[in-house]
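Welcome! Here are a few exercises for getting to know a protein, each with a worked solution. Take a look at the structure, then try each task before reading on.

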Amino acid sequence: MKLHTKILLIALLPILILGIGIFLLAVDRTANGIYDESYEGMKAASLAIRDIFEVGNEGKYEMDKEGNLWKGTTLNITGATEIVDHIKSNTGMDVTIFWGDTRILTSIENEVGERQINTKASEKVIEKVLNNGEIYLNKNTEILGKEYIVCYTPFYQEGTEEIVGMVFLGKPRSNVEKIIGDIRLQMFMVIFFVMVITSVIVIRLVNKIVKALNSSIQLLRKISEGELRLEVDEVILKRSDEIGMLGRGISELRRKFRDIIDILRNKSHELDEESIGLKQLSENILAVVKQVEQAAREMAGSCSNQAEDASIASSNVTTMGEMMGNNNVEIKKMHTISNQIQTVSKMTREELSELDKDMRMVKKSIDYLGQQTRETKASVDKIGNATEMIAEIASQTSLLSLNASIESARAGEQGKSFGIVASEIQKLSEQANTAVEDIRDMIENLTLNSNQTMQRMEQVQLVIKDQEENIKKTGVVFENVQSGIKESANHMDMIMEKSEELEEVRTDIIAAVQNSAAIAEENAASIEAVMTSIENVYKELGVISGKTTYLGTLSTEMKESIHIFLV
């Protein structure tokens with residue numbers, strides 16, 4: 001059922017029910033009112049008839065022998081037919097006088113014109129009027145086959161409370177019903193006319209309301225379809241009833257929808273741009289992380305190489321220590337030989353006179369000294385080679401410390417401690433280079449002295465060969481030799497001291513290299529942890545990239561969803 005029909009039923013059905021109810025109530029009230037009015041009129045008429053009989057006619061009511069009822073001596077009630085006929089002709093009501101319960105005078109006639117006298121009243125009338133002294137009223141009493149509205153009023157014997165008769169007034173019910181029917185028809189016409197006018201007004205109002213509602217519904221339907229450019233009719237907006245409130249609400253809804261759609265469009269556009277920027281940012285971060293991973297891998301390789309180099313350096317330094325230990329042994333031997341040469345020199349000076357005798361011993365000693373000198377020279381050459389190796393190791397250590405400094409700078413905060421170690425290694429390398437330079441100087445001096453010793457040995461041999469010719473020069477040569485031996489001994493002492501210092505440096509280098517190897521291993525472990533973190537970052541970036549793609553999809557769907565709205 002449509003809303004129009006429902007509203008009409010809701011509006012017209014109460015009107016119809018109310019009209020029918022009012023009609024029925026009015027008809028009932030009118031009928032009762034007419035009957036009541038008729039009763040009152042008949043009461044008044046009956047009392048008036050009683051007064052007619054009594055006023056001016058003093059005396060008792062008496063029935064004579066001929067059956068005539070008299071009031072006093074002047075009024076023959078039984079014969080007063082003119083009075084009742086006059087009343088009937090003027091009022092339309094029949095009049096009957098009862099003496100006791102018997103009709104003695106009446107205006108009611110049968111079909112042949114005979115008056116209905118000497119008939120009895122009903123038991124109800126007798127009981128109520130004659131016995132109880134009450135007025136009896138009834139609107140449906142049948143007399144001679146005709147229904148009457150009746151009123152029975154008692155009259156009393158003059159001067160007493162004795163009820164001696166009744167005055168009857170009756171009016172044909174058809175006459176009253178005709179009046180009631182006319183009134184009913186008039187009331188029906190009035191109510192029907194009012195209902196028709198009311199229905200027309202209601203229908204027009206309902207049509208206007210439904211039309212306004214339909215207009216509002218169409219607006220809402222078009223708004224639901226995305227059309228937001230429509231305007232609500234000004235007539236509806238100006239209305240002060242609920243329809244106007246609905247129209248203003250729809251207008252406000254349309255305005256708010258437009259504001260929301262504008263905001264959604266702007267926000268979806270911003271969301272789209274932000275999702276694109278976020279996606280580009282995640283891709284850039286992913287590229288940077290790849291570079292960081294590559295750098296970490298390179299650093300891990302560098303740390304591994306550095307650990308291997310540190311291990312090799314430690315091995316080389318250990319080897320160098322062994323060689324330096326051997327050199328120290330040789331130097332100690334040279335120092336012992338030097339002391340022996342000094343002792344021999346003293347003995348030679350004291351026993352110069354016995355030079356000839358001990359020449360062979362001297363020659364052997366000189367040969368032995370030559371051999372030791374050659375061995376010393378060989379040891380010096382070894383020391384020179386070891387020194388070159390130390391210099392090369394120091395160079396490599398310096399290069400490694402430089403690489404370590406670069407890698408620590410790349411590693412940032414995690415490579416800070418590694419950079420400090422690299423700096424310390426660089427300092428040790430510089431100290432080793434300084435020590436190497438000192439050793440080189442001493443070796444050069446030692447080599448120079450060894451060469452000089454060799455030359456002196458050759459000269460001694462020549463002197464020995466020519467001792468006979470150059471015996472006088474032996475003392476001078478011997479002095480020179482003794483001076484060289486002393487100087488050599490002094491240099492030997494210096495070499496011993498430098499060797500001890502070099503041993504300390506070697507120990508420090510071994511500790512530094514071992515620390516470097518340990519730090520390299522720690523850095524390698526740290527880089528492994530960094531690689532694990534980078535892999536986790538890869539995973540997170542993959543999730544972020546997926547979320548960014550989903551965010552872009554949502555932005556596209558949002559733009560498509562609000563695309564249907566036309567603003």
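Accessible areas here come from the Shrake-Rupley method with a 1.4 Å probe. With that rule, the accessible surface of the protein comes to about 33600 Å², and 56% of it belongs to carbon and sulfur atoms. Keep in mind that this is a predicted model.

**Exercise 1.** Find how many helices and strands the protein has, and what percentage of its residues count as buried.

*Solution.* Start with the secondary structure: there are 9 helices and 8 strands. Next, turn to burial: 36% of the 567 residues count as buried.

**Exercise 2.** Work out which elements build the largest nonpolar core, and which gives the largest share.

*Solution.* Begin with the members: the core has 28 residues, and Ile 49, Ile 77, Ile 97 and Leu 169 touch the most other members. Then list the elements that give two or more residues: α1 (3-54), α2 (81-91), β4 (94-99), β5, β7 (146-156), β8 and α4 (173-224). Of these, α1 provides the largest share, 8 residues. For a closer look, pick Ile 77: beyond residues up to four places away in sequence, Ile 77 touches Phe 53, Tyr 61, Leu 69, Lys 71, Ile 97 and Leu 105.

**Exercise 3.** Compare the salt bridges of Glu 40 with Lys 43 and of Lys 71 with Glu 158: where do the partners sit in the chain?

*Solution.* First take Glu 40 and Lys 43, whose closest N and O atoms are 3.9 Å apart. Both belong to helix α1, and because they are 3 residues apart there, about one helical turn separates them. Glu 40 is partly exposed at 46% relative accessible area, and Lys 43 is partly exposed at 23%.

Now take Lys 71 and Glu 158, with closest N and O atoms 2.9 Å apart. This pair links distant parts of the chain: Lys 71 is in strand β2 (residues 69-71), while Glu 158 is in the loop between β7 and β8, 87 residues away. Lys 71 is buried at 1% relative accessibility, whereas Glu 158 is partly exposed at 39%.

**Exercise 4.** Is Lys 171 buried or exposed, and which side chain of opposite charge is nearest?

*Solution.* Locate Lys 171 in strand β8 (residues 163-172). Lys 171 is buried and has no salt bridge. To see the reason, recall that a salt bridge needs the nitrogen and oxygen within 4 Å; the nearest side chain of opposite charge, Glu 37, is 10 Å away. Finally, check the surroundings: contacts of Lys 171 beyond four places in sequence include Met 42, Tyr 148 and Val 176.

Key:
Residues are numbered from 1 along each chain as its sequence is written. This is a predicted model: local features need pLDDT of at least 70, side-chain atom pairs count only at pLDDT 80 or more; totals for chains, interfaces and linings use all residues. Side-chain values use heavy atoms; hydrogens and water are left out. Helices (H or I, at least four residues) and strands (E, at least two) are DSSP runs, numbered from the N terminus. Buried means under 20% relative accessible area, exposed over 50%, partly exposed in between (1.4 Å probe, protein chains only). Lys and Arg count as positive and Asp and Glu as negative; His and the chain ends are not counted. Contact means heavy atoms within 4.5 Å. A nonpolar core is a set of buried Ala, Val, Leu, Ile, Met, Phe, Trp, Tyr and Cys residues joined through side-chain atoms within 4.5 Å.
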